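Open the model in your viewer and keep the selection tool at hand.

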Amino acid sequence: MSEIAQDLTRKKCVPCEGGVEPLTDTQIRPMLKGLPGWALDGIKIFREYEFKDHYQAQAFTNAVMWVSHREDHHPFLIVGYNTVRVEYWTHAINGLSENDFICAAKVDALFEI
């Protein structure tokens, strides 16, 4: 796990109800570089995880939902037979916030266990 990812996993999401600007490209790039496998797609970041079977994909999905509930920051999930695509963006600002990267790092940590 990169130093950036370790730092992000130690943080807690802060509620965002709008009224702030989304992160700039200059702010996004270093955090994205610290999260291998994640990519930028317009105003969101995403990663697809692959598993041995549907049971493991579903178990991972449930774990992601637990993290999302704890952080009160929820991803868009696409679940296939043995894949889970996780997408984050902050709806209230129609772009990316630090919360998206915090959750991405925590989801990566789940995948590693």
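## Charges and overall form

Begin with the charged side chains of the protein chain: 11 are positive and 16 are negative, and the centres of the two sets lie 4 Å apart. Keep in mind throughout that this is a predicted model.

Along the principal axes, the C-alpha atoms fill a box of roughly 40 × 25 × 25 Å. A compact globule with 113 residues would have a radius of gyration near 13 Å, and the protein chain agrees with this, having 13 Å.

Switch to a surface view. The accessible surface of the protein chain comes to about 6,600 Å², and 54% of that belongs to carbon and sulfur atoms. Of the 113 residues, 42% are buried, where buried means under 20% relative accessible area.

## Helix α4

Select residues 98–112, which form helix α4. At 1.5 Å a residue, the 15 residues of this helix should span 21 Å, and the end C-alpha atoms are 22 Å apart, which agrees.

Is this helix enclosed or open? In α4, 11 of the 15 residues are buried, so the helix is largely enclosed by the rest of the structure. To see some of the buried residues, colour N99, F101, I102, C103 and L110, which are among them.

## K106

Stay in helix α4 and select K106. Is K106 buried or exposed? Its relative accessibility is 17%, so K106 counts as buried. Show its neighbours next: leaving out residues up to four places away in sequence, K106 touches L8, T9, K11, K12, V67 and E71.

Most residues other than glycine have a negative phi. The next two stops have positive values.

Select D72, in the loop between α3 and β3 (76–79). Phi of D72 is near 55 degrees, a positive value in a residue other than glycine. At 58% relative accessibility, D72 counts as exposed.

Then move to N94, in the loop between β4 and α4. Phi of N94 is near 50 degrees, again positive in a residue other than glycine. N94 counts as exposed, with 53% relative accessibility.

## E17 and G42

For the last stop, select E17, in the loop between α1 and α2. E17 is exposed, with a relative accessible area of 73%. How far apart are the C-alpha atoms of E17 and G42? They are separated by 21 Å, and the two residues are 25 residues apart along the chain.

Key
Residues are numbered from 1 along each chain as its sequence is written. This is a predicted model: local features need pLDDT of at least 70, side-chain atom pairs count only at pLDDT 80 or more; totals for chains, interfaces and linings use all residues. Side-chain values use heavy atoms; hydrogens and water are left out. Helices (H or I, at least four residues) and strands (E, at least two) are DSSP runs, numbered from the N terminus. The expected span of a helix is 1.5 Å times one less than its number of residues. Buried means under 20% relative accessible area, exposed over 50%, partly exposed in between (1.4 Å probe, protein chains only). The radius of gyration is taken over C-alpha atoms; the globule rule is 2.2 Å times the number of residues to the power 0.38. Accessible areas come from the Shrake-Rupley method with a 1.4 Å probe; for residues, only the protein chains shown count as cover. Lys and Arg count as positive and Asp and Glu as negative; His and the chain ends are not counted. The place of a charge is taken as NZ of Lys, CZ of Arg, CG of Asp or CD of Glu. Contact means heavy atoms within 4.5 Å.
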